[in-house]
Amino acid sequence: MQRLQATGLQWPALALICAMALAAPPAWAGEPSHGLSYFGDLKYGPDIAHFDYANPDAPKGGRIRIPGIGTFNNLNPFVDKGRTVYNLSPAGGLGSFIFDSLMRKSEDELASYYAWLAESVEFADDYTSVTYKLRENAYWHDGEPVTMEDVLWTFDTIKTKGSPTWKILYQNIDRIEQIDDWSFTFHFSKEAEKTPQLLIETATFAPIPKHYWETRAFDETTLEPPLGNGAYRIGKVDTGYKVVFERVKDYWARDLNFANGYFNFDQVEIIWFFDKRVMLQALRAGVFDYWFEENEADFATAYDFEAYRKGLFKKETYRMGFAYGMHFGTVLNTRRPPLDDIRVREALTLTYNFEWANRVFWHEGMIRNNSFFVRSGLQAFGSPSPEVLDLLEVFRGQVPETVFTDPIELPKNDPFGRNRETLLRADALLQEAGWVVKDFRRVHEITGEPFEIEFIVSSHEHERMLTPFVENLARLGVDGTLRRIEGTAMANRLRTYDFDATVRKVYTWKVPFPTPMRRTFTSEFAEMPNMRNYPGIQNPVVDTLVDMVVKARTEEVMNTAGRALDRVLLHNFYVIPDGHPVGRHMVYWDRFGHPPIGVPHMNWQGIPYLWWFDEEKSARVDAGIAALKGN
């Protein structure tokens, strides 16, 4: 079986393929609009009453208490130091509680954004610039207006003092130009790829108040609640344990049609726990209200208590519209030998018995991650299609031959026994790579060096998941060590890639955006600290296919390039795939109402942005808990 690392690329053929990906911009390019749609037209017009998935009649009031695992020691989301609070960074997938961005993503479209802090958006036909007009009624929580001065200062400060993560986020923007008192233009650099992705990168730009930060250290951690302009402000901070977000009653966007049905709770309280076992006990005791359960074993077994049986506590599963990516997998750090050898990585992949773990640990609630783009149009299935083969042909000899011949799915093991067949194949691969067994230990046939690998994790679930894997490695003579470390130590080691292997989610999206896509997969970010390219992928074929995905102007071209990329990534064995849930699980005390959840209504569960407090339900829960305690 041929296994090759990528070298040079056949650029003439590749240039032709890339040219085929280009299409004309939308008809409304060059005109002010209330939104941006990556592919096709916008679903919603500028004068809608509300998004279809939001409940305009949702009552305001009450509180919701949500847990976090670990701790926090920083309230400044613009530095790569410490551990920040959830829902604080405007660059996060769901946006920020306290900072409003120029636009907000629609939750029932593939990739559409609607004007929020901005009143309108206008982009050049050739994607060299994008112009925004601010809403004139926006103001900070201290009553000061959001001004052009804030926009210009924020951009300049992030570019000069921001952390590497933030600088990279806006690296494609060459400069910002003020047009008038309320309008400004982002001009993209000459080197930036002129695609709609550039526009989306600016949509989440969120100005911060110059008059507040001028007297504070922008590039240092802080536990002082920062001044914002969003629907919530930070009201109470109990360092390392609790943060309370309070709804801003005079929020500037409270009458905005796109905000109708959003931000209904008066308080959103986040409580941190060091250990999930303790957190689950607190949930059953009513200390907090909601948990997004990602552990199949816990979902199946941890919530069978009296309040659940009496209908006071709910368990629900939905199939969401968003993509899973790789969900969870064991990342192999190719920066370190012998993990830089594809044969070794394949052998380790074959050693992991997913089917056994799925039966014993996950109660058959998981599906194997045979893709880096699970549940998206970029996901590859089975054998390559003619379109994907045509695309990959220019890379023949630069990728493993299995990319062209083998199905995408990993071999299945017996869930009730040992994975003897795959272990035998793993042994053969290790021997081919020069790792032989002597005196019951796997050693290098020339140096005599033992094969040692350390797995670091920070959660009980991942420790449990990898324990039988380490035992399987011992059957091959491999000396595997499993070490559980606390969250801050894990964050620091991930930032500097100080590990052999660890369990991570590999995030991708239905429309992968350039910056996070490149941070995750491309050579440029393999050695740069604090990126998501945890395996250290330095593969020019991967780099090129990522370029093709992010340059695509049609969904069809994007999906074809994505499926080709999926095959190359999988057949290089950078990550040992675990599984993704059959559905998404939520467990909560029945105090709330929520809009319709799951496909086709929404791409995520909408909490806490779109849920609301139900006084009648909550009173019933309180009475039920009191009765149970009385018994």
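**View 1. Leu348 in helix 9 of the predicted model.** Leu348 sits in helix 9, which covers residues 342–351. The coordinates shown come from a predicted model. Is Leu348 buried or exposed? Leu348 counts as buried, because its relative accessibility is 2% and the cut-off for buried is under 20%. Beyond its neighbours within four places in sequence, Leu348 touches Leu332, Leu339, Ile453, Phe469, Leu473 and Ile576.

**View 2. Leu348 and Gly62, two points in the chain.** Pick out the C-alpha atoms of Leu348 and Gly62. They lie 50 Å apart in space. In sequence, 286 residues separate Leu348 from Gly62. For scale, the C-alpha atoms of the protein chain fill a box of roughly 75 × 75 × 45 Å along the principal axes.

**View 3. Ser120 in strand 5.** Strand 5 runs over residues 118–123 and contains Ser120. The relative accessible area of Ser120 is 16%. Ser120 is therefore buried, as the cut-off is under 20%. Which residues does Ser120 contact, leaving aside neighbours within four places in sequence? They are Pro32, Ser33, Ala115, Thr131, Tyr132 and Lys133.

View 4. Over residues 1–13, pLDDT stays under 50. The model still gives this stretch 36 contacts beyond four places in sequence. Residues 19–23 also have pLDDT below 50. That stretch has 10 contacts in the model beyond near neighbours in sequence. Where pLDDT is low, the predicted coordinates should not be read in detail.

**View 5. The whole protein chain, for orientation.** The secondary structure comprises 19 helices and 25 strands. The radius of gyration is 25 Å, close to the 25 Å that the globule rule gives for 631 residues, so the chain is as compact as a globular protein of that length. Buried residues account for 59% of the 631. Of the contacts between residues at least 6 apart in sequence, 73% join residues at least 24 apart.

View 6. The chain carries 69 positive and 86 negative charges.

Terms used: Residues numbered from 1 in each chain as written. Predicted model: local features only at pLDDT ≥ 70, side-chain atom pairs only at ≥ 80, totals over all residues. Heavy atoms only, no water. pLDDT = per-residue confidence, 0-100. Contact = heavy atoms within 4.5 Å. Helix = DSSP H or I, 4+ residues; strand = E, 2+ residues; numbered from the N terminus. Rg over C-alpha atoms; globule rule 2.2 N^0.38 Å. Buried < 20%, exposed > 50% of the residue type's maximum accessible area, 1.4 Å probe, protein only. Lys, Arg positive; Asp, Glu negative; His and termini not counted. Charge placed at Lys NZ, Arg CZ, Asp CG, Glu CD.
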